[in-house]
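Here's a friendly walk through one protein model. Have a look at the structure first, then read on.

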Amino acid sequence: MTLRIDTVRIHRVARPLRYPWRTAYGEDPSIDGIIVEVCAGGHSGWGEAAPLHAPTYSPETAGTCFHVARDFLAPRLLGARLEHPTDVGPLFDLFRGNPFAKSALEMAVWNLFAQARNISLAALLGGKEQPVEAGADFGVQDSLDMLLDKVGQATDDGFSRIKLKIRPGWDRDVVRAVCEAFPRQTFHVDCNAGYGRDDLALMRQLDGFGLAMIEQPFGTRDLIDHAWLQERIGTPVCLDESVTSVHDFEQALAIRACRMLNIKIGRTGGIATAVRLHDMARDAGIPCWVGSMLESGVGMSALIALASLPNFAYPGDLFPTAAHYDSDITGPLSFSEGCRFMPAGAGETPIPDIARLDAVTVESCSLETRP
């Protein structure tokens, strides 16, 4: 099947959160990003990237994504004849970096092909159409009591693992208190690159709490330092921000910088690269799991489909709408059973309600091929 791209619509959005998302890199009252629609042959596909408002998690922002997608990526995509979604990557190779911007358009093309072929995105990726397990995540809270209450509720709800965001001043004592209060629960911590070699003593203390992993403890480009740390602690080091490409992961594997891998579609430039990273981790004997940027139903549906691949062995950052939003542009997204999501079937991929999308849109544009 060949599809010729005839229309690209891009929306820069800011979606208010129910509770601020606090991490080592700051606080976000909303999740900012872009929502993209790509059309061809009477079909359309939607994609999303949510790099946040400021260049804190990565160098990209919602504003830069909108600019790069509108002025550089979409013009390359318009009029292109694609035989498979993996054809998108080479079109964008001319432009350096900007993985979030690239991923939104590429995700839309994957969904476009799934719609045109009348199959699910999970099937198009080679995944299994069966429930995938989700974990619970908690950013820095107003108080320890507030965190304990939320962890208790998540445990009662049946989540099999819980991630705790930590940062200097909200780390060792918080983790100890939570682990002691819920000794049978599986926890891991996410440092969001907030620490360095000088924090080895803290890392060794965290190593004593029986955590499933310590996620991204050091700086984004500090692969050597992560390898140094992994040699000194028994808890698996998990890389997140440090792996934005296949090449990054090749280097990480070469120096044994991690024993777990978080894979985010936005951070790695798209679904095709995410699948390659999954396969590399599988071949290296390293479990991986799906990370998120608190996407809407558009992006979350793609994450759920990705999580259906076999080496995603740890519950992912997959969230129902009510976990972070009062409402969503695609309507409510809920678990299918317990704390699990069923990947969307053929023709079931969530699409935005236009009125809801317009309500959170900061700016938008539409580009079309000439007749």
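## About the model

This is a predicted model, so to speak of local features we need a pLDDT of at least 70, and side-chain atom pairs count only at pLDDT 80 or more, while totals for chains, interfaces and linings use all residues. Residues are numbered from 1 along each chain as its sequence is written, and side-chain values use heavy atoms, with hydrogens and water left out.

Most residues other than glycine have a negative phi. Now look at N118: its phi is near 55°, a positive value in a residue that isn't glycine. You'll find N118 in the loop between α3 (99-117) and α4 (121-125). Helices (H or I, at least four residues) and strands (E, at least two) are DSSP runs, numbered from the N terminus.

N192 also isn't a glycine, and its phi is positive too, at about 45°. This one sits in the loop between β9 (186-190) and α7 (200-207). Are these two buried or exposed? N118 is exposed, with a relative accessible area of 54%, whereas N192 counts as buried at 5% relative accessibility. For these words, buried means under 20% relative accessible area, exposed means over 50%, and partly exposed is in between (1.4 Å probe, protein chains only).

## Salt bridges

Side chains of opposite charge can pair when their charged atoms come close. Here, a salt bridge is a side-chain nitrogen of Lys or Arg within 4 Å of a carboxyl oxygen of Asp or Glu. How many does the structure hold? There are 24 salt bridges. One of them joins R22 and D142, with the closest N and O atoms 2.7 Å apart. That pair links distant parts of the chain: R22 is in strand β2 (residues 7-23), D142 is in the loop between β7 (136-138) and α5 (144-157), and they are 120 residues apart. R22 counts as buried, at 15% relative accessibility.

R197 and D225 form another salt bridge, at 2.7 Å from N to O. R197 is partly exposed, at 36% relative accessibility. Then there's R221 with D248, at 3.2 Å from N to O. R221 lies in the loop between β10 (214-215) and α8, and D248 lies in helix α9 (residues 246-254), so this pair ties together parts that are 27 residues apart in sequence. R221 is exposed at 54%, but D248 is buried at 5%.

Salt bridges can also be chained up: D137, R161, K163, K165, D190, E215 and D317 are linked in a network of them.

## Cavities

The structure holds two cavities of 30 Å³ or more. On a 1 Å grid over the protein atoms alone, a cavity is a set of points where a 1.4 Å probe fits but cannot get out, and lining residues have an atom within 4 Å of a point. The largest cavity contains about 130 Å³ of space. Of its 17 lining residues, W21, Y25, K165, S292 and M293 lie nearest its centre. By class, that lining has eight nonpolar, two polar and seven charged residues.

The second largest cavity has a volume of about 80 Å³. Its lining includes L294, F319, H324 and D328, and divides into six nonpolar, four polar and two charged residues.

Methods. 1 Å grid on protein atoms, 1.4 Å probe; cavity = no way out; pocket = protein on both sides within 12 Å on 5 of 7 lines; lining within 4 Å. Points joined across faces, edges and corners; volume = space filled by probe spheres on them. Nonpolar A, V, L, I, M, F, W, Y, C, P; charged D, E, K, R; others polar.
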